Amino acid sequence: MRDRVTVLAPAKLNLALDVVGILPGGYHALDMTMQAISLYERVVIRRSPYLDLTLPGSNVKPGPGNTAIKAALAFFHYTGLLAGADITIYKNVPVRAGMAGGSADAAAVLVGLNELYGARLSMSELCALGAGIGADVPFALMGGTCRVQGLGDLIKALPPMPECWFTVVMPDYGVSTPEAFAAYDKVGSSVHPDCAAQEAAIRAGDLDAVCAAAGNALEECSGAKDNEAIKAALRENGAVTALMTGSGAAVFGVFRTEAEAKAAADALRARWTQVYTAQPVRGGAEVQILRKR
């Protein structure tokens, strides 16, 4: 019986994000293309009679509102297990970036506890638990490339993204998702990406068409003042397209090769300090198997 597991949970980018209506309860109905990328939260979970959370080197608070704690409580409530966990999260994904770092943490905890305690919950069960924690948690569990609709609960797995690389730039401030949506309700957007066309392009393996259909309806109202400057800099350095992810504040460019993405990252670090390169990945939160040498 294992007494600890390590889970890697990928961040996400929105290749497209459209607001298509208002649902009962006032929530926004969304239509999105989401992509998991090779920038990971690393979460170590140990058996414990207590429930403890530490985040070394991070400013994120470990209190009861943290998604990892919510995920653990939801797991133990659902399974009826009288147990606890000592959770350590090594954060690599920027906070308030629109990259679902908090959702990745929650997904990692659900996957890790499922493995650690042999609960054998299905992906459907994990996604149902995740949906009660946050809208992006089901996608963080599934990963890969997906068309995501509704509140984030309607997920359709797509074929892998055509081969490419991403350069992601995070300015020195974050964006509040509720504030971004409140601003959208006031001013709307001139950008409404064609998610159906983008899905078709992914199925066809056509990177140019995927990029042509990219867009984010929240970009104009996010309050992230660096959007246009970052997008312009990415395009000047060879990006096929560039756009904000989620409700911001991170902005990314799509590149054909690793070399182009890394060259762009080097160029943009002269102005922005948090710059990352990553590629599409095909999975979601996953327990790391330690292989004996």
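Q: In this predicted model, which hand does the crossing of α1 and α2 have, left-handed or right-handed?
A: The crossing of α1 and α2 is right-handed, a term that applies where the near helix is turned clockwise from the far one. The axes of helix α1 (residues 67-79) and helix α2 (residues 101-116) come within 8 Å and cross at roughly 35 degrees.

Q: Which residues make the contact between α1 and α2?
A: From α1 the contact takes T67, A68, A71, A72, F75 and F76, while α2 supplies G102, D105, A106, V109, L110, L113 and N114. These residues divide into nine nonpolar, three polar and one charged.

Q: Why does T33 count as buried?
A: T33 has 0% relative accessibility and therefore counts as buried, since that term requires a value under 20%. The residue lies in strand β2 (residues 28-48).

Q: What makes the pairing of the T33 and Q198 side chains a polar contact?
A: The side chains of T33 and Q198 are joined at 2.7 Å, and the pair qualifies because the limit for N or O atoms is 3.5 Å. Beyond four places away in sequence, T33 touches residues including L13, C146, Q198 and I202.

Q: How do you know that the buried residues of α5 are on the same side of the helix?
A: The buried residues of helix α5 (residues 177-187) are A180, F181 and Y184. They cover an arc of only 95 degrees around the axis, which puts them on the same side of α5. These buried residues pack against β1 (4-22) and β2, whereas the face turned away from them carries the exposed residues P178, E179 and K186.

Technical notes: Residues are numbered from 1 along each chain as its sequence is written. This is a predicted model: local features need pLDDT of at least 70, side-chain atom pairs count only at pLDDT 80 or more; totals for chains, interfaces and linings use all residues. Side-chain values use heavy atoms; hydrogens and water are left out. Helices (H or I, at least four residues) and strands (E, at least two) are DSSP runs, numbered from the N terminus. Buried means under 20% relative accessible area, exposed over 50%, partly exposed in between (1.4 Å probe, protein chains only). A polar contact is a pair of N or O atoms within 3.5 Å; within protein, one must be able to donate a hydrogen and the other to accept it, and residues adjacent in sequence count only if both atoms are side-chain atoms. Contact means heavy atoms within 4.5 Å. Axes are lines fitted to C-alpha atoms, for helices over the stretch in contact, and angles run from 0 to 180 degrees between N-to-C directions. Ala, Val, Leu, Ile, Met, Phe, Trp, Tyr, Cys and Pro count as nonpolar, Asp, Glu, Lys and Arg as charged, and the others, Gly among them, as polar. The arc is that of the directions from the helix axis to the C-beta atoms.
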